[in-house]
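Here is a quick tour of a few local spots in one chain. Have the structure open and follow along.

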Amino acid sequence: MVGFVSLVGAGPGDPELLTLKAVRCLQEADLVLYDALVNPEVLEFATRARRFCVGKRGHQPSFDQRTIEHLLIVAAGRGERVVRLKCGDPFVLGRGGEETLALAEARIPFEVVPGITSSIAAPLLSGIPVTHRGLSSGFSVISGHTPKSWKPLLDAIRPNVMTLVILMGFRQRAKIASYLIERGWRSDTLVALLLAASTDHAERWVGTLEELSGATPE
């Protein structure tokens with residue numbers, strides 16, 4: 001008997017921002033494999049499931065991606081209903097595509113449940129629209145994890161033509177700001193750092209690219 005896997009987006013953190021379908025998947029799950037940054041309150045919907053954290057954290061011991069995929073396949077192969085609970089949306093810098101490919105190759109039935117991505121929710125909850133008539137008619141979402149991920153994309157974008165949303169870029173913030181200025185972005189371009197959006201621990205800093213370029217590395 002083969003089970004079923006649901007790749008579920010947990011949204012930016014606030015449990016009230018979960019979709020109804022995400023809640024139902026959690027309530028019906030036998031096993032939940034969740035990301036490190038998932039709000040513990042979200043897990044309370046999984047009333048009958050076993051729960052294991054398989055999240056990745058920068059510069060800390062983390063689960064290998066292939067190991068996560070193996071756990072999904074093995075559990076579903078035993079006939080279990082499995083929820084892979086991912087922060088934000090499963091397909092926005094969440095490796096959801098890799099996991100669906102692995103499940104498809106193993107012939108495991110699955111579904112993907114969209115979640116509210118923090119790339120839009122975090123600015124919105126801080127009062128910052130990612131598009132605004134007369135100022136920005138588009139936006140790009142970029143991984144700020146390493147220069148290898150963000151440099152090629154920033155090279156392809158003309159300065160000051162759209163809003164940039166950079167996820168996982170806190171450690172690289174000064175380097176990114178300096179690089180944007182080198183690429184021709186105005187040094188007085190407004191910048192916001194948003195942490196723990198939609199939670200009680202939310203923080204916001206607003207300044208300019210020039211100010212951010214002088215930030216002390218973590």
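## A buried tryptophan

Let's start with Trp 150, which has a relative accessibility of 2% and therefore counts as buried, the cut-off for that label being under 20%. Keep in mind that this is a predicted model.

H6 covers residues 147–155 and H7 covers residues 173–182, and their axes come within 11 Å of each other, crossing at roughly 20°. Angles under 35 degrees count as roughly parallel, so H6 is put down as roughly parallel to H7. As for handedness, the crossing of the two is right-handed.

Who does the touching? Sorted by class, the H6 and H7 contact has 5 nonpolar and 3 charged residues, with no polar ones.

## The aromatic pair

Search the whole structure for aromatic pairs and you get 1. Trp 150 and Tyr 179 make up an aromatic pair, with ring centres 5.6 Å apart and 70° between the planes. Planes over 60 degrees apart count as edge-to-face, so that is the label for Trp 150 and Tyr 179.

The pair ties together distant parts of the chain, since Trp 150 sits in helix H6 and Tyr 179 in helix H7, 29 residues apart. Is Tyr 179 buried or exposed? With 16% relative accessibility, Tyr 179 counts as buried.

## Asp 35, in a loop

Now hop over to Asp 35, in the loop that runs between strand E2 (31–34) and helix H2 (40–43).

What is Asp 35 in contact with, leaving aside its neighbours within four places in sequence? The list has Cys 53 and Gly 55, plus a run of Arg 84, Leu 85, Lys 86 and Cys 87.

## Ser 140, in a strand

Last stop: Ser 140, which has its place in strand E6 (residues 139–143). Its relative accessibility is 18%, and because the cut-off is under 20%, Ser 140 counts as buried.

Not counting residues up to four places away in sequence, Ser 140 touches Ile 157, along with Met 162, Thr 163, Leu 164 and Val 165.

Terms used:
Residues numbered from 1 in each chain as written. Predicted model: local features only at pLDDT ≥ 70, side-chain atom pairs only at ≥ 80, totals over all residues. Heavy atoms only, no water. Helix = DSSP H or I, 4+ residues; strand = E, 2+ residues; numbered from the N terminus. Contact = heavy atoms within 4.5 Å. Axes fitted to C-alpha atoms, helices over the stretch in contact; angles between N-to-C directions. Parallel < 35°, antiparallel > 145°, perpendicular 65-115°, else oblique. Left-handed = near helix turned anticlockwise from the far one by under 90°. Nonpolar A, V, L, I, M, F, W, Y, C, P; charged D, E, K, R; others polar. Phe/Tyr/Trp six-rings, centres within 6.5 Å; stacked < 30°, edge-to-face > 60°. Buried < 20%, exposed > 50% of the residue type's maximum accessible area, 1.4 Å probe, protein only.
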